[in-house]
Amino acid sequence: MSSEKKIIDKIVADAVEEKAKILEKAKKEAETVINKAKEQSAKIMENESILSNAEAEKARGKEISGAEMEAKKMILATKQSCIKMALDRVKQKLSELSDKEYVDMIVTMMNAAEKGEEVIFSQKDKQNEMLMAKMAENQVTVSNETRPLDGGFIVKKGEIEYNYSFEAILTVEKENIEQIAAEILFA
């Protein structure tokens with residue numbers, strides 16, 4: 001072999017060897033880069049998973065909280081409906097009193113009421129002979145005036161009127177009645 005050929009073969013062999021070294025080095029660097037990328041990707045995925053789980057948990061918490069709030073609203077509405085029904089039932093019971101029970105109740109209310117110059121009744125009550133007899137017996141001055149009352153009366157003292165109608169009493173006592181009804185219904 002000629003020296004030129006030996007030199008060329010040597011250069012080619014060195015080039016092949018150098019190429020192999022470069023390829024090996026590139027493969028190792030590529031492997032290192034790939035491994036680092038895999039590690040970073042795994043960390044990112046883990047972080048994303050944690051964040052996704054946290055977001056999912058947060059969203060689930062919001063849904064549960066919203067559902068609980070809606071349930072509480074529905075329970076409150078039902079309770080209020082029950083209390084309203086109880087108040088309506090009280091009004092109905094008052095309207096269903098017998099004449100004697102009604103007169104006795106009015107007399108009892110009158111004994112506890114503010115004293116005045118005269119008492120105003122509804123047209124219906126003025127036609128109740130038993131009630132009017134009881135008023136005369138107790139020396140109560142019954143006004144010629146009437147008012148649209150569904151039970152009860154109004155005491156007139158000069159220009160001041162004290163409303164003892166069932167409706168006014170229920171309105172004034174509504175909070176106490178609601179509290180009592182709630183304790184009875186939901187205790």
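Angles between axes under 35 degrees count as roughly parallel, over 145 as roughly antiparallel, 65 to 115 as roughly perpendicular and the rest as oblique. Axes here are lines fitted to C-alpha atoms, for helices over the stretch in contact, and angles run from 0 to 180 degrees between N-to-C directions.

This is a predicted model, in which local features need pLDDT of at least 70 and side-chain atom pairs count only at pLDDT 80 or more, while totals for chains, interfaces and linings use all residues. Residues are numbered from 1 along each chain as its sequence is written, and side-chain values use heavy atoms, with hydrogens and water left out.

**Overall layout**

Let's start with the whole chain. The protein chain has six helices and four strands, where helices (H or I, at least four residues) and strands (E, at least two) are DSSP runs numbered from the N terminus. Read from the N terminus, the elements follow the order α-α-β-α-α-β-β-β-α-α. Of the 187 residues in the protein chain, 17% are buried, meaning under 20% relative accessible area with a 1.4 Å probe, protein chains only. Contact means heavy atoms within 4.5 Å; among contacts in the protein chain between residues at least 6 apart in sequence, 64% join residues at least 24 apart.

**The helix pair**

Helix α2 (residues 99-112) packs on helix α4 (residues 129-137) at an angle of about 30°, and their axes lie 9 Å apart. The two helices, α2 and α4, are therefore roughly parallel to each other. On the α2 side the contact is made by D99, K100, Y102, V103, I106, V107 and M110, and on the α4 side by M130, L131, K134 and M135. These residues divide into eight nonpolar, no polar and three charged; Ala, Val, Leu, Ile, Met, Phe, Trp, Tyr, Cys and Pro count as nonpolar, Asp, Glu, Lys and Arg as charged, and the others, Gly among them, as polar.

**The sheet**

Now to the strands. Four of them form an open sheet in the order β2-β1-β3-β4, with mixed pairing; two strands pair if DSSP finds at least two bridges between them. β2 (142-146) and β4 stand at the edges with a single partner strand each, so one side of each is left without a neighbour in the sheet. On average, neighbouring strands of this sheet are turned by 30° against each other, direction ignored.

Two of the pairings look like this:

β3 and β4 form a hairpin with two residues between them, and G158 in the turn has a positive phi of about 65°.

Methods:
Buried means under 20% relative accessible area, exposed over 50%, partly exposed in between (1.4 Å probe, protein chains only).
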